[in-house]
Amino acid sequence: MSSLSKAFTSSIGKKFVMGLTGLFLISFLIVHVSINALIFLNDGGETFNVAADFMAHNIVIRIMEVGLFLGIILHIVQAIMLTSQNNAARPEKYAYNKPQANSKWYSRSMGLLGTLILMFLVLHLYHFWWPTKVSVYTHQEHNTFQNIVMIFQEEWVVAVYVLGVISLGYHLLHGFQSSFQTMGWNHKKWTPVVKTVGVWFSIIVPIIFALMPIAIYFGWVS
Amino acid sequence: MSTGNMNLTLQVWRQKNSKSAGKLVDYKLSDISPDMSFLEMFDVLNEQLINKGEEPVVFDHDCREGICGMCSMFINGQPHGPKDLVTTCQLHMRSFNDGDTIVVEPWRAKAFPVIKDLAVDRSAFDRIIASGGFVSVNTGNAQDANALPIPKIQADAAFEAAACIGCGACVATCKNASAMLFVSAKVSQLALLPQGQPERYRRVQSMVAQMDEEGFGNCTNTGACEAECPKGISLENIARMNRDYFSAKFISEEEV
């Protein structure tokens, strides 16, 4: 094995990929949440649809989309490999363990939270990504905002979306600052800033995401 | 916290050897002084077992003053017990209450196989340190003090990393049985000083490779190791090790 491939398959190398893809997915969330927030202009989805149309048709965005899926897949594959190694590193469990004495539950449950996000993501792609793709390739008109209003009429859908973004929030609460630490960016002056920004990001972004189905279900936005 | 003498129930992991299966065994202890250390309490238990003609509990210990890193007990779900910044030998029975049940297990990790009862084989740590190799030092007379200027902040950070006693509590408490806090402390104590520079990038690569080979898990930054470390080794060391590792692998042209 060459020195570089050894680097990527080592423990720290795999963590590097986790951290880097994590940060990349965080940057995607900023774009996603900003466009979502356009529905709160309450202009019948006019501005939102312009943005959604641009995202669906622009060639640069469509190439970026491939990168985004690769990022998600890499993040998941690395997580599965790391988790199976981590489980193998302790074949016999403790009879009495008290992990709550030294760490937060969500930092120990990243795999579970990630799985919940993935399950939510499958439904989410089916709801919005798939119809948009179909319309692009069949050259049909697609009103994304109308689609949103239609889908968020059902209670269970709204509930699943809210639970999905809560999982995302806790995943980010650990993942945001953790990715900086993994990349080696631990600094006396900057780490407190990263941690504070991470906490606010993990609260504000999921709240904006959750407000979308809630606002539509209750008819605050139409 | 107890002031009078105590009666306790111990649940101790008994395992004949590395191959046999172990189990928790109950022992009743009475009239335990709160001023005893946790290991002295085990000495009392072992004396009783010997008097009864039973096999005493095997546990690691040496200096009993918190600096050698030999004692290694997982007490009520925490390495070195409930108190911060102490090793098992410096934990006193006054930290417990009369009538308590205390569960004592060995460190559990694939890389730390149980030898017998509470004693585990931590030679994986020795092999990681050995893989770090040498540090270039000039022969001849000792250098004048302060011949090499080192900023105080740097010297302090190196010294704090060097405080690691290699007890393995970080591995024991980590949900992934990761040794990254230990390895990063050993990498940092030399990487921070001018004397450690010539072999800096070779050393971090060798030590991480050996750590992976020993079968330790991967760090997920839960911070449990830092919280349980009896010497307060900081997570900053793990970030430093990662930085040095990336520099070594992606920038340095030296192959290791």
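Tutor: Let's go label by label, setting each value against its cut-off.

Tutor: First, the ground rules: this is a predicted model, where local features need pLDDT of at least 70, side-chain atom pairs count only at pLDDT 80 or more, and totals for chains, interfaces and linings use all residues. Residues are numbered from 1 along each chain as its sequence is written, with chains lettered from A and ligands numbered from 1 in the order in which they are written.

Student: Why is B:Ala177 called buried?

Tutor: A residue is buried if 20 or more other C-beta atoms, placed from the backbone, lie within 10 Å of its own, exposed if 12 or fewer, and partly exposed in between. B:Ala177 has 27 such atoms within 10 Å, so it is buried. It sits in the loop between α4 (169-173) and α5 (180-191) of chain B, and its phi is positive, about 50°, although it is not a glycine.

Student: What makes B:Asn146 buried or exposed?

Tutor: B:Asn146 has 7 C-beta neighbours inside 10 Å, so it counts as exposed. Its phi is also positive, near 65°, in a residue other than glycine. B:Asn146 belongs to the loop between α2 (123-131) and α3 (152-162) of chain B.

Student: And how do you know whether A:Ser107 is buried?

Tutor: The count for A:Ser107 is 21 other C-beta atoms within 10 Å, so it is buried. A:Ser107 is in helix α5 of chain A; helices are DSSP runs (H or I, at least four residues), strands are E runs of at least two, and both are numbered from the N terminus.

Student: What does A:Ser107 contact beyond its sequence neighbours?

Tutor: Leaving aside neighbours within four places, A:Ser107 is in contact with A:His174 and B:Thr222. Contact means that the C-beta atoms, placed from the backbone, lie within 7 Å.

Student: How many residues does each chain put into the contact between them?

Tutor: Chain A gives 36 residues and chain B gives 41 residues. On chain A's side, α2(A) gives the most, with five residues. That side has 15 nonpolar, 14 polar and seven charged residues. Here Ala, Val, Leu, Ile, Met, Phe, Trp, Tyr, Cys and Pro count as nonpolar, Asp, Glu, Lys and Arg as charged, and the others, Gly among them, as polar.

Student: What makes α6(B) and α8(B) roughly perpendicular?

Tutor: Their axes, for residues 200-213 and 236-251, come within 9 Å and cross at roughly 105°. Axes are lines fitted to C-alpha atoms, for helices over the stretch in contact, and angles run from 0 to 180 degrees between N-to-C directions. Under 35 degrees is roughly parallel, over 145 roughly antiparallel, 65 to 115 roughly perpendicular and the rest oblique. The pair is therefore roughly perpendicular. Residues making this contact include B:Tyr201 and B:Val204 of α6(B) and B:Met241 and B:Tyr245 of α8(B).

Student: Which residues have the most contacts inside the largest nonpolar core?

Tutor: Among them are B:Val104, B:Cys170 and B:Phe182, in a core of 77 residues. A nonpolar core is a set of buried Ala, Val, Leu, Ile, Met, Phe, Trp, Tyr and Cys residues joined through C-beta atoms within 7 Å. The largest share, seven residues, comes from α5(B). B:Phe182 itself, leaving aside neighbours within four places in sequence, is in contact with B:Phe125, B:Cys164, B:Gly166, B:Cys170 and B:Val171. A second, separate core of 20 residues includes A:Phe48 and A:Tyr161.

Key: Contact = placed C-beta atoms within 7 Å.
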